[in-house]
Amino acid sequence: MKYKAVIFDLDGTLLDTLDDLKNSVNYALEACGYPPRTKDEVRGFVGNGIRKLMIRSVPGGETDPKLEEAFSAFKEHYAKHCRVETRPYEGIMPMLEKMQSMGLKTAIVSNKADFAVKELAADFFEGIVSAAIGEREGVSRKPSPDSVFAALSEIGEKAEDSVYVGDSEVDIMTAANAGMPCISVSWGFKGREFLEKNGASAIIDSPDEIFDLL
């Protein structure tokens with residue numbers, strides 16, 4: 001094996017979280033008197049943290065006087081409903097279990113709020129994934145490499161011995177900023193064509209394909 005550790009994005013890579021995100025976005029929008037967003041719209045809004053998600057979802061964006069109200073409503077709703085429809089993508093659990101049996105260390109780095117990342121990681125990947133880090137105060141969100149370095153420190157590995165796996169252009173940039181190769185996944189929120197246009201150098205279409213690259 002070329003690598004000792006694999007760092008994963010969460011939403012769109014390990015977990016299909018889109019329906020729960022959409023439902024919380026629309027709960028917040030309805031609370032503020034705004035029309036709902038479609039699943040495809042929300043798909044295009046994710047990737048840069050939950051505040052940016054709501055800025056993109058609220059009709060007036062950062063200029064909207066109800067943005068903070070909508071953001072608070074989203075956080076409150078999502079904290080209680082982030083596991084209703086969220087599930088690992090097909091093949092994810094066998095992939096992670098095989099990595100564990102091979103002695104590979106794994107960690108999660110996400111722009112999702114840290115409380116949700118840790119909660120979802122504990123629910124779905126307890127005992128399999130060694131560290132889970134989300135957006136939190138004092139650590140710059142992706143594509144800054146800070147959270148990746150924090151995860152590597154937590155699991156005791158170095159960037160030069162690790163690979164990053166994600167589904168978006170943000171993940172490609174994050175890996176580059178951390179000095180790591182990136183494996184992009186086509187089953188997530190962006191898709192193969194988008195990833196190819198945004199500089200993906202290695203794309204897999206199913207979780208088991210990753211072992212050909214490790």
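Which residues is Ser147 in contact with, leaving aside its neighbours within four places in sequence? In this predicted model, they are Val109, Ile133, Val139, Ser140 and Lys142. Ser147 is found in helix H7, which covers residues 146-155, and counts as buried at 2% relative accessibility.

**Helix H4**

- Helix H4 runs over residues 67-81 and has 15 residues. From its first C-alpha to its last, H4 reaches 21 Å, which is close to the 21 Å expected at 1.5 Å a residue.
- The buried residues of H4 are Leu67, Ala70, Phe71, Ala73, Phe74, His77 and Tyr78. Seen down the axis of H4, these buried residues fall within an arc of 165°, so they line one face of the helix.
- In general, an α-helix has 3.6 residues a turn, so residues three or four places apart point the same way.
- The cover over the buried residues of H4 includes helix H1 (18-31) and helix H3 (50-57). Strand E4 (105-113) and helix H6 (114-125) are also included in that cover.

**The packing of H4 with H6**

- The axes of H4 and H6 are 10 Å apart, and the two helices pack at an angle of about 10°. H4 and H6 are therefore roughly parallel to each other, as the angle is under 35 degrees.
- On the H4 side, the contact is made by Lys75, Tyr78 and Ala79. On the H6 side, Phe115, Ala116, Glu119 and Leu120 take part.
- The residues of this contact divide into 5 nonpolar, no polar and 2 charged.
- Tyr78 belongs to the contact with H6 and is also listed among the buried residues of H4.

**Helix H3 and Leu53**

- The buried residues of H3 are Ile50, Leu53, Met54, Ile55 and Ser57. They pack against H1, helix H2 (39-45), H4, E4 and strand E5 (131-135).
- Leu53 lies in helix H3 and is buried, with a relative accessible area of 2%.
- Not counting residues up to four places away in sequence, Leu53 touches Leu21, Val25, Val42, Phe45, Val46 and Phe74. Of these, Phe74 is one of the buried residues of H4.
- Leu53 and Phe71 are 18 residues apart in sequence, and their C-alpha atoms are 9.0 Å apart in space. Phe71 is likewise among the buried residues of H4.

**The loop between E5 and H7**

- Glu137 is found in the loop between E5 and H7. Glu137 is exposed, with a relative accessible area of 83%.
- Glu137 and Ala113 stand 24 residues apart along the chain, and their C-alpha atoms are separated by 10.0 Å.
- Arg141 also has its place in the loop between E5 and H7. Arg141 counts as partly exposed, at 34% relative accessibility.
- Leaving out residues up to four places away in sequence, Arg141 touches Asn48, Asn111 and Glu135.
- From C-alpha to C-alpha, Arg141 and Val109 are 9.4 Å apart in space, while 32 residues separate them in sequence. Val109 is also one of the residues in contact with Ser147.
- Pro143 is found in the loop between E5 and H7. A cis peptide bond joins Lys142 and Pro143, with omega at about 15°. Lys142 is in turn among the residues that Ser147 contacts.

**Leu14**

- Leu14 lies in the loop between strand E1 (5-8) and strand E2 (15-16). At 0% relative accessibility, Leu14 counts as buried.
- Residues up to four places away in sequence being set aside, Leu14 touches Phe8, Asp9, Arg87, Pro88, Tyr89, Ile92, Met95, Leu96, Ile108 and Phe125.
- Leu14 and Glu196 are 182 residues apart in sequence, and the distance between their C-alpha atoms is 20 Å.

Notes. Residues numbered from 1 in each chain as written. Predicted model: local features only at pLDDT ≥ 70, side-chain atom pairs only at ≥ 80, totals over all residues. Heavy atoms only, no water. Helix = DSSP H or I, 4+ residues; strand = E, 2+ residues; numbered from the N terminus. Expected span 1.5 Å × (residues − 1). Buried < 20%, exposed > 50% of the residue type's maximum accessible area, 1.4 Å probe, protein only. Arc of directions from axis to C-beta. Contact = heavy atoms within 4.5 Å. Axes fitted to C-alpha atoms, helices over the stretch in contact; angles between N-to-C directions. Parallel < 35°, antiparallel > 145°, perpendicular 65-115°, else oblique. Nonpolar A, V, L, I, M, F, W, Y, C, P; charged D, E, K, R; others polar.
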